[in-house]
Amino acid sequence: MRLVSDFGGLDAGTVDREEHALGAREKRIDAMKTLMQRNDPGMTSDASRRAQEDLPAALYEGLAYYDRWLLAFRANLVERGHLEPAEIERRVAEIAGRRAG
């Protein structure tokens with residue numbers, strides 16, 4: 001059985017190999033991951049990859065690259081005991097409220 005990220009040998013069409021500048025959001029996601037890894041060496045690229053591969057296939061395939069990173073980062077924060085899911089949801093709602101108001 002293939003992992004959700006295993007596209008080897010499948011027809012994927014043309015691959016866009018052009019470099020692109022990272023947006024502010026992508027840079028923030030990368031910075032959070034880098035800073036947290038300094039604080040907790042277990043927050044590795046391997047841990048991120050495993051968490052991404054745990055995503056349901058339809059979700060994984062529908063997300064942009066850094067959105068997969070973000071969901072994996074969230075999962076690893078919870079798994080490693082840094083935050084509880086309810087705390088993350090509370091903070092997200094708080095930020096959304098500030099943006100709306």
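What pattern does the protein chain follow when read along the sequence? The answer is α-α-α-α-α, and the secondary structure comes to five helices and zero strands. Helices here are DSSP runs of H or I with at least four residues, strands are runs of E with at least two, and both are numbered from the N terminus. This is a predicted model, in which local features need pLDDT of at least 70 and side-chain atom pairs count only at pLDDT 80 or more, while totals for chains, interfaces and linings use all residues. Residues are numbered from 1 along each chain as its sequence is written, and side-chain values use heavy atoms, with hydrogens and water left out.

As for the overall picture, the C-alpha atoms fill a box of roughly 45 × 30 × 25 Å, taken along the principal axes. Of the 101 residues in the chain, 21% are buried (buried means under 20% relative accessible area, exposed over 50%, partly exposed in between, with a 1.4 Å probe and protein chains only). Take the contacts (heavy atoms within 4.5 Å) with a separation of 6 or more: 60% of them come from residues 24 or more positions apart.

Next come the helix pairs. Two packed helices are described by the angle between their axes and the distance between the axes. Helix 2 (residues 45–53) and helix 4 (residues 65–79) pack at about 105°, their axes 8 Å apart. That makes helix 2 roughly perpendicular to helix 4 (65 to 115 degrees; under 35 is roughly parallel, over 145 roughly antiparallel, and the rest oblique). The axes are lines fitted to C-alpha atoms, for helices over the stretch in contact, and angles run from 0 to 180 degrees between N-to-C directions. On the helix 2 side, Ala 47, Ser 48, Arg 50, Ala 51 and Gln 52 take part, meeting Arg 68, Trp 69, Ala 72, Ala 75, Asn 76 and Glu 79 of helix 4.

Lys 33 sits in helix 1 (residues 24–39). Leaving out residues up to four places away in sequence, Lys 33 touches Ser 45, Ser 48, Trp 69 and Phe 73. Lys 33 is buried yet has no salt bridge, and the nearest side chain of opposite charge, Asp 30, is 5.9 Å away. For charge, Lys and Arg count as positive and Asp and Glu as negative, with His and the chain ends not counted.

So what about salt bridges elsewhere? A salt bridge is a side-chain nitrogen of Lys or Arg within 4 Å of a carboxyl oxygen of Asp or Glu, and the whole structure has 10 salt bridges. In one of them, the side chains of Arg 25 and Asp 67 meet at 2.6 Å, N to O. Arg 25 lies in helix 1 and Asp 67 in helix 4, so this pair ties together parts 42 residues apart in sequence. Arg 25 counts as partly exposed at 44% relative accessibility, and Asp 67 is also partly exposed, at 21%.

Another salt bridge joins Arg 74 and Glu 89 (2.7 Å, N to O). With Arg 74 in helix 4 and Glu 89 in helix 5, the pair ties together parts 15 residues apart in sequence. Salt bridges that share partners link Glu 87, Arg 90, Arg 91, Glu 94 and Arg 98 into one network.
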